[in-house]
Amino acid sequence: MALLRSKLRLSIASSAPLWQRGFATSKTLSKSAVVTGSGQGIGKAIALRLARDGFDICVNDLEVNSSMVNNVVAEIQSLGRKAIPVFADVTRLPQVEAMVEASVEGLGPLDVIVANAGIAQVQWGMDAQESDLQRLFEVNFYGVLYSDQVAARQFIKQGSGGKIINAASIVSFRPFLMLPIYSATKAAVRSLTQSLAMELAKDKITVNAYAPGVVDSHMWDTIDEGMGHINGRPKGQNFKDTVNSITLGRTSVPEDVAKMVSFLASADSDYVTGQTMMADGGMVFS
Ligand SMILES: NC(=O)C1=CN([C@@H]2O[C@H](COP(=O)(O)OP(=O)(O)OC[C@H]3O[C@@H](n4cnc5c(N)ncnc54)[C@H](O)[C@@H]3O)[C@@H](O)[C@H]2O)C=CC1
Ligand SMILES: CC(=O)C(C)=O
């Protein structure tokens with residue numbers, strides 16, 4: 001029965017064009033998604049939202065975060081969807097390859113990858129060292145590129161297209177003071193998203209990115225603390241201060257971002273590619 005189901009999934013996946021496949025619900029054949037860096041924060045919210053949308057989820061993060069990952073997996077399973085934990089460092093191509101392989105093995109054909117894993121570092125551009133550049137670009141750019149490449153190869157092998165969704169930021173459009181190298185990595189992700197959209201359209205693969213504004217997550221805890229070291233503001237103040245430049249008058253929560261990613265992962269976005277879509281409460285108007 002399981003074999004039949006997986007053969008059925010494969011034949012549906014490979015025979016119907018993406019735009020005819022529509023949404024899966026828990027009662028229909030499911031789709032699957034890999035979400036990198038989904039042990040916490042925005043990635044976790046995306047993983048849970050996509051699970052609610054009907055996806056089975058490969059939950060990825062670094063092994064050091066295994067307990068968080070296992071909790072996300074359990075939460076998804078309690079929603080009635082399949083989930084598997086895969087510990088992989090997205091800066092290492094062989095680990096990304098093994099991650100996608102494990103996802104296909106455990107959950108069936110891949111439909112969506114969300115290249116979400118990222119890190120930030122507060123500093124002045126004038127102080128940035130080679131090791132800072134290396135670390136930030138390795139995770140935020142190489143990690144996204146490797147995830148996209150490996151997923152795209154899998155989509156091409158399956159022959160039915162797919163959706164690549166990258167983590168950009170509003171700093172892809174306009175850098176934040178004290179986040180110069182981080183901002184440059186996110187501008188690079190926006191550019192890569194456009195290039196791969198052009199390159200992969202012939203394979204029925206769309207490539208888009210989401211650009212959050214200020215999101216209450218572990219990342220902003222570290223940004224707030226780092227900025228505090230530079231400008232002396234007390235803990236939490238740099239985060240709070242951002243509200244002054246948010247049109248909707250509040251910082252965001254990971255679920256605000258997950259709603260946009262849900263759209264980008266759905267059939268409703270089939271005619272959208274090469275876009276970096278902002279979910280920032282109106283901080284940057286493009
Ligand atoms: N928090 C914010 O305000 C914003 C975040 N973003 C982007 O959204 C994405 C998610 O951010 P948050 O959830 O806020 O961050 P977070 O720090 O809360 O979570 C990021 C996750 O990525 C994982 N990760 C880091 N390096 C990894 C690696 N090499 N391999 C696998 N996993 C790795 C971390 O362990 C962590 O669990 C990032 O790409 C970030 O740059 C963009 C705009 C705003
Ligand atoms: C961390 C980040 O990208 C912003 C815009 O806050």
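Modeller: Let's take helix α8, which runs over residues 218-231. Bear in mind that this is a predicted model. The helix has 14 residues, and the distance from its first C-alpha to its last is 20 Å, close to the 20 Å expected at 1.5 Å a residue. Which of its residues are buried? They are Trp 220, Ile 223, Asp 224 and Met 227. Seen down the axis of α8, these buried residues fall within an arc of 100°, so they line one face of the helix. Part of the cover over the buried residues of α8 comes from α9 (237-241).

Glu 225 is also in α8, but Glu 225 has 14 C-beta neighbours inside 10 Å and therefore counts as partly exposed; to be buried, a residue needs 20 or more. Just after the helix, Gly 232 takes a positive phi of about 75°.

Most residues other than glycine have a negative phi. Met 178, though, has a positive phi of about 75°, and Met 178 sits in the loop between β5 (162-167) and α7. Lys 204 has a positive phi of about 60° and isn't a glycine either; you'll find Lys 204 in the loop between α7 and β6 (205-212). Met 178 counts as partly exposed because it has 19 C-beta neighbours inside 10 Å, and Lys 204 is partly exposed with 17 other C-beta atoms within 10 Å.

Ligand 1 is surrounded by 28 residues, and the closest are Gly 37, Gly 41, Gly 118, Ala 167 and Ser 217. At least two residues of that shell come from each of α3, α6 (130-158) and α8. By type, the shell around ligand 1 divides into twelve nonpolar, 14 polar and two charged residues. Around ligand 2 you get Ala 120, Ser 169, Ile 170, Val 171, Phe 176, Gly 213, Val 214, Met 219 and Ile 223.

Beyond its sequence neighbours up to four places away, Ile 42 touches Asn 116, Pro 212, Val 215, Ser 217, Pro 254 and Val 257. Asp 61 belongs to strand β2 (residues 55-61) and is buried, with 26 other C-beta atoms within 10 Å. Leaving out residues up to four places away, Asp 61 touches Gly 37, Ser 38, Gly 39, Met 68, Val 69 and Phe 87.

Tyr 182 carries an "active site" annotation too, again from the unreviewed UniProt entry. Tyr 182 is in helix α7 (residues 180-200) and is buried, with 24 other C-beta atoms within 10 Å. Setting aside neighbours within four places in sequence, Tyr 182 is in contact with Ala 120, Gln 121, Leu 136 and Val 171.

One last stop back in α3, where Ala 45 is found. With 24 C-beta neighbours inside 10 Å, Ala 45 counts as buried. Its contacts, apart from neighbours within four places in sequence, are Pro 254, Glu 255, Val 257 and Ala 258. The C-alpha atoms of Ala 45 and Ala 258 are separated by 5.9 Å, although these residues are 213 residues apart along the chain. Pro 254 and Val 257 are on the contact list of Ile 42 as well.

Technical notes:
Residues are numbered from 1 along each chain as its sequence is written. Chains are lettered from A and ligands numbered from 1 in the order in which they are written. This is a predicted model: local features need pLDDT of at least 70, side-chain atom pairs count only at pLDDT 80 or more; totals for chains, interfaces and linings use all residues. Helices (H or I, at least four residues) and strands (E, at least two) are DSSP runs, numbered from the N terminus. The expected span of a helix is 1.5 Å times one less than its number of residues. A residue is buried if 20 or more other C-beta atoms lie within 10 Å of its own, exposed if 12 or fewer, and partly exposed in between; C-beta atoms are placed from the backbone. The arc is that of the directions from the helix axis to the C-beta atoms. Two residues are in contact if their C-beta atoms, placed from the backbone, lie within 7 Å. A residue is near a molecule or strand if its C-beta atom, placed from the backbone, lies within 6 Å of it. Ala, Val, Leu, Ile, Met, Phe, Trp, Tyr, Cys and Pro count as nonpolar, Asp, Glu, Lys and Arg as charged, and the others, Gly among them, as polar. UniProt positions are given in the numbering used here, feature names are shortened, and annotations may be inferred rather than shown by experiment.
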